[in-house]
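User: Could you take a close look at the salt bridges here and walk me through how the paired side chains sit?

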Amino acid sequence: MSHLFSIADALTLEVTPPPIRTWLFDPPYNIGYSYGEGVKDRMTDDDYEDWIGANAAVMAEHSENDAHLFLVIYPDTAYRLIEPIQKAGWRLNQWLTWVYPSNIGHSKKRFTRASRAVVWFTRGEPETYMRSVQQPYRNPTDSRIKQHIANGRTGVNLYDWWEINLRKNVSKGYAGWFNQLPFELVNRIVLTTTEEGEWVGDLMAGGGTLHEVSNSCGRSAFLNDIDERALGIWEGIE
């Protein structure tokens, strides 16, 4: 298991990553949020789509021939980004929905936003390992389910919606970073698309959740971020 860290603009990497099997892509959402110096979060729609496509091309260039990419973003933005990502050499595989309880952003004109899209792209024909993450049987007393359990099965494959709480300031592993992804979300992505020892990557790794997950399950990780403060967080993760 190895780790490779880089502090640079994602489009001009100063450290060349090894071929990556699975990319996590959680970019700034272009909603005017202040991420700090060097991050522009209010582009025109065209500029934002071009920027997303350029990043997707970088990931395609530094991936295995058979690879995965998971885009995490708000659903009302995600549909516009499918085309530029596909033009960069990726193929839409599945749209997943991450849902979580939220009391932020109540409105008189809209329902409260409490979900994000996790859009799964592939290139080539990568392997998947769906049985590596299972959800419990809903009716374990059923005779057929009892037989499955007796045969060593622990549950059923995940649905295409994942209910996982946000990572908040009281959450384990919270590093005080913007929009830090929860461990369980990233863990599911890594376990179902990679084998032990394979490389996973994140061009905008921020709070380092991918580093946590790779440490826990024996994967190697490439992490990059434009903000040098992220490096101190990654180096402190065991």
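Predicted model: local features only at pLDDT ≥ 70, side-chain atom pairs only at ≥ 80, totals over all residues.

Analyst: Let's start with arginine 80, which is partly exposed because its relative accessibility is 21% (buried is under 20% relative accessible area, exposed over 50%, partly exposed in between, with a 1.4 Å probe and protein chains only). Residues are numbered from 1 along each chain as its sequence is written, and side-chain values use heavy atoms, with hydrogens and water left out.

Arginine 80 pairs with aspartate 45 in a salt bridge, at 4.0 Å from N to O (the term means a side-chain nitrogen of Lys or Arg within 4 Å of a carboxyl oxygen of Asp or Glu). Arginine 80 sits in helix 2 (residues 75–87) and aspartate 45 in helix 1 (residues 45–61), so the bridge ties together parts 35 residues apart in sequence; helices here are DSSP runs of H or I, at least four residues, numbered from the N terminus. Aspartate 45 is partly exposed too, at 44%. Glu49 joins Asp45 and Arg80 in a network of salt bridges.

The structure holds eight salt bridges. Another one links glutamate 184 and arginine 188, with the closest N and O atoms 2.8 Å apart. These two are four residues apart in helix 4 (residues 183–193), so about one helical turn separates them. Glutamate 184 is partly exposed at 31%, while arginine 188 is buried at 14%.

Then there's aspartate 227, bridged to arginine 229 with the closest N and O atoms 2.5 Å apart. Aspartate 227 is buried, at 12% relative accessible area.
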